[in-house]
Amino acid sequence: MPMDFQILDADYEVVNDSGPVIRLFGRGADGKSVCCFVPDFEPYFYLKASGDLHAVARLIKDTFEQVKKVEIVEKFEPVGYQKTKKEMLRVTTRLPKDVPEIRDEILKIRDVLRAEGDWQVYESDILFRNRFLIDRALGGMVWVSAEGKPVDPVRYLGAGSAWRSRCENFACDSAVLASGLKRVENLAIAPLKYLAFDIECLPLDGGMPSPDVSPIIMISFSFEPEYKGHKTLILLAKPAAGMDGDVLSCMDETEMLNKFFEIICEYDPDIVAGYNHQDFDIPYITERVKALVAKGETINSVVGRDGSPIGYRKFGLITRTEMKGRVVVDALPLVRRAFSLKQYTLRAVSKELLSREKLDVPPLEMEEHWNDSGDKFRKFVDYARRDSELALELVLELRLLDKYIALAQVSGSLLQEIVDGGQTSMVETLLLREFGLKDRVILPKPGDELSAERYDMSSDLKGGEVLEPKKGLLENVLILDYKSLYPTIMMAHNLCYTTVVTRDRPDGKTIKPPSGGEFVPPEVFRGIVPSILEDLLNKRGDTKKRMKRTSDENEHRVLDATQLAIKILLNSFYGYSGYARARLYSLTLANAVTSFGRSNILNTRDLINGRIGKIVLRNSAALLLEEAGKLSPQDRIVELSVAYGDTDSVFVHCKAKGDLSLEEVSLVGNRLSEIVSASLPDPMELEFESVAKRALLIAKKRYALWLFEPRNSGWENKIKVKGMETVRRDWCELTSITLNRVLEFVLIEGDVDKAVEHVRKVVSDVRNLDPGKDAGIIEKLVLTRTLTRKADSYKNKQPHLTVAENLKKRTGIMPSIGTRIPFVITAGKGLFVDRAEDPDYVRENNVPIDVDYYVKKQILPPVERILEVFGVKMSSLDFDAKQKGLFDFEVKKPEAKKQEKSSSQKGTNGKILEKAPEEKARYSENGRVEQRSLFDF
DNA sequence: TGTCTCGCCTAG
DNA sequence: TAAGCTAGGCGAGACA
């Protein structure tokens, strides 16, 4: 009976003397956890050598006992168009670990032979498990069907060897020795088991706990699905009576830790979740176990499906943990990547994303709570329980893993690699697979020296073109953008590592990008990257079609994650080509892509401004002037001009006599998309995205749009803000609330006076703050910034550094690099940086706030940047509290703007505004809805 | 006082 | 075994 399962993890084990055996860990559709052994896969790498290859091959075979065979094969080199393949050696070793060893020794052979010329090793640094997955066209979260016989892992791997103890702990419902293995197409996701945990330590004096001295006193679990009827379970390191059924008390810490590991193995989770457990809990437990064992305690710390113990490794600042056969998922980095928040403490994140409160016990009171046996103790237990609940909820309710699972399936990398890492492993997996199929070898990862060299060069990589915006308020602006610009450029112009002309010259013409360099056309050699991209693009199209067809919510979600994953992958290849640590790095390629991009957007602008210029609307058709022929009085002429553009987008301002309806503007948008797309090589395409009824352009990368998008019934409208202070986390909420309100007045109501009035009110309210009564206001005055480096490597003073150092003085704990530090500016003299202070400290100690700073530096400058477009002066917005209401503000409107304003108050928008007021603009930031209240206290 | 540079965050 | 890329605005410290 073949066994179907989804691949969660893979590695290999050496079975006695018979060579390596691949192990695939997975979960079957029936819910059983599976370990599948695959023998007969051999490690190998390639060598390009000079001289008599037969002699080199013989010498390698004779010199190294670990070499099983050396074959002469024909391969293309990794980079550059080549007319013919080259003879190389394929060296097969007995064990995976022999590959790096022999690679390091191999240049000695060259010396022995006194060979001249270029020797180069290829694909010698691919992890064996990845080599297997790539060569067999398998990958992470892929379904496979295994033929073979059931085996007992203990007998199969064990046989009295050093693996014995591991094997005895081997955990899976069924193990199989595969004789055949094939990939199965299946959209479903196996019934995965999720476990989240969180530990509580008892620190000395409320400081940072240290595993040598501070015991772990509680561990909380959350399970999905339940574990023996428990959704949560809390382990205590002391006997306790009268607790609820989800609390398990142990005699001491050692017993608790043993229970912890036992439950993990018994529950047998696929996903081990936590919040910052990768950096804190797992290393802490590991070190604590070491410390206890050193004291003579006995702890069996198995967590892996193969019986391996808990552990972690540090690479510079980054900690990596591994649980064989499972996937360690830390919700913290996932949330960071998925949501732009002011802070990423579990408290802030739970509140913001789950609308749930974290419970808390301050470190200084922990000892007291722990030693209590009544309410305080129960409160402590509940606090522990809540933390693991929240971690699991973050992963499940926010569906944080959907995207990563889809990325694994599409790219072929293992889920753990994708959750941990960036785009590199995914791109490399795809490249290795396709290069392999086309007989092309791939370079090893560059060393530090080469990377540094490349890094210095990378200033030679030019990016996208940003058009100077027509600053001010415009009506009827079309938003168009290029669909997957860089990938489609690579496809359209056959840009690839394999098509760039380096040594061999093709016979015919070449493709010459504006940045220089030459690439062969697809007729001569179809680039591998373009063909990967084409596959991905097609797959994405199919996925989107299936999404439209399905009515099943679950399937829809999986398909949506898949198309999103494909989009991410499509866009990863360009970045990878300019990445200094890439196996395949080519500035020529990267520059070719962006240079085509730049000339493309400039051409588009000129095409729209110049050759197209105007569009004639006649009988619901949008015509070019030349198509329209003789104009009649009923024709409406729309004048076009590009108002802004960034890399792959163009904003087109439409002007006509009288008002334009959304339908009319859309006709123009669709026609423009057609005309421009037709002028481009396949598959490049300019897409008509949406209509902005009004657009406020402030500067490059700073604008706000009042967008209208067609929906089943009429038009849906929203305000979209880019780059301005409302979307920046280093400005306070007071700024974003005020600015959002100003934008609403200006964009939706077209009423500058109301905006001015509003700002005056806010300023006056702030100036008249009663710190006693309005304590809650501090929340709205908090700015945050990321601590990005060590304290001593800052050249200038920084407010968040000041605060971080204050925190260190007070608590002894320096926030770690990467933490977002909240702060407010307090009253006093001197530099702002010196007056930055921790908001909690300010609240607790009633430290006065620098009101003037908030008015002059937080509210007014961003507001002024908007209102100065309408001739409003800053001086009219601020006044001392004492002078309140003594003079009137002054608004001076330029004629043109005045016209726009008045036309917008009636006319076109009459209809829209009637329909819109209640479902007015929503500021969607990560899909959340911004509070609409102004400044309520 | 004006200019330069650092630092951060965002757009795409 | 750390890490896709560049363009760009803006505040405020540093420095002449």
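## Basis of the model

In this predicted model, local features need pLDDT of at least 70 and side-chain atom pairs count only at pLDDT 80 or more, while totals for chains, interfaces and linings use all residues. Residues are numbered from 1 along each chain as its sequence is written, chains are lettered from A and ligands numbered from 1 in the order in which they are written, and side-chain values use heavy atoms, with hydrogens and water left out.

## Surface near DNA strand C

DNA strand C is surrounded by 32 residues, of which the closest are Arg313, Thr424, Gly463, Arg581 and Arg865. A residue is near a molecule or strand if one of its heavy atoms lies within 4 Å of it. By class, this surface holds 12 nonpolar, 10 polar and 10 charged residues; Ala, Val, Leu, Ile, Met, Phe, Trp, Tyr, Cys and Pro count as nonpolar, Asp, Glu, Lys and Arg as charged, and the others, Gly among them, as polar. Sugar or phosphate accounts for 75% of the atoms of DNA strand C within 4 Å of the protein, and bases for the rest.

Polar contacts are pairs of N or O atoms within 3.5 Å; within protein, one must be able to donate a hydrogen and the other to accept it, and residues adjacent in sequence count only if both atoms are side-chain atoms. A side-chain N or O atom of Thr424 is 2.7 Å from a phosphate oxygen of DNA strand C. The elements that give two or more residues to the surface near DNA strand C are β15 (312-315), α18 (553-577) and α26 (851-867). Of these, α26 gives the most, with 4 residues. Helices (H or I, at least four residues) and strands (E, at least two) are DSSP runs, numbered from the N terminus.

## Surface near DNA strand B

Around DNA strand B there are 21 residues, and Asp648, Tyr703, Arg729, Thr788 and Tyr794 come nearest. The classes here are 3 nonpolar, 7 polar and 11 charged. Of the atoms of DNA strand B within 4 Å of the protein, 92% belong to sugar or phosphate, and the rest belong to bases.

The side chain of Lys701 places an N or O atom 3.0 Å from a base nitrogen of DNA strand B.

## Aromatic pairs and clusters

Rings of Phe, Tyr and Trp (its six-membered ring) pair if their centres lie within 6.5 Å; planes under 30 degrees apart count as stacked, over 60 as edge-to-face and the rest as tilted. The count by this rule is 22 aromatic pairs. Tyr644 and Phe651 are an edge-to-face pair, 5.3 Å centre to centre with 75° between the planes. Phe651 also pairs edge-to-face with Tyr703, at 5.0 Å and 90°. This second pair links distant parts of the chain, with Phe651 in strand β23 (residues 649-655) and Tyr703 in strand β25 (residues 702-710), 52 residues apart. Phe651 is buried at 2% relative accessible area, and Tyr703 is buried at 12%. Buried means under 20% relative accessible area, exposed over 50%, partly exposed in between (1.4 Å probe, protein chains only).

One aromatic cluster consists of Phe197, Phe221, Phe223, Tyr227, Phe260, Phe261 and Tyr267. The charged end of Lys193 sits over the ring of Tyr267, 4.5 Å from its centre. A charge sits over a ring if NZ of Lys or CZ of Arg is within 6 Å of the ring centre and within 35 degrees of the ring normal. Arg789 likewise lies over the face of Tyr794, at 5.2 Å from the ring centre.

## Strand pairing

Two strands pair if DSSP finds at least two bridges between them. Strand β4 (residues 44-48) has 5 of its 5 residues buried, so the rest of the structure largely encloses it. Tyr44, Tyr46 and Lys48 point one way from β4, and Phe45 and Leu47 the other way. β4 runs antiparallel to strand β6 (residues 86-93), joined by 4 bridges, with Tyr46 partnered by Arg90. β4 also pairs in the antiparallel sense with strand β7 (residues 120-122) over 3 bridges, where Leu47 stands opposite Val121.

An open antiparallel sheet has 3 strands in the order β27-β28-β29. β27 (783-786) and β29 (836-837) are its edges, each with a single partner strand, so one side of each has no neighbour in the sheet. Strand β28 (residues 820-825) pairs with β29 over 2 bridges, and Ile825 stands opposite Ala836 in β29.
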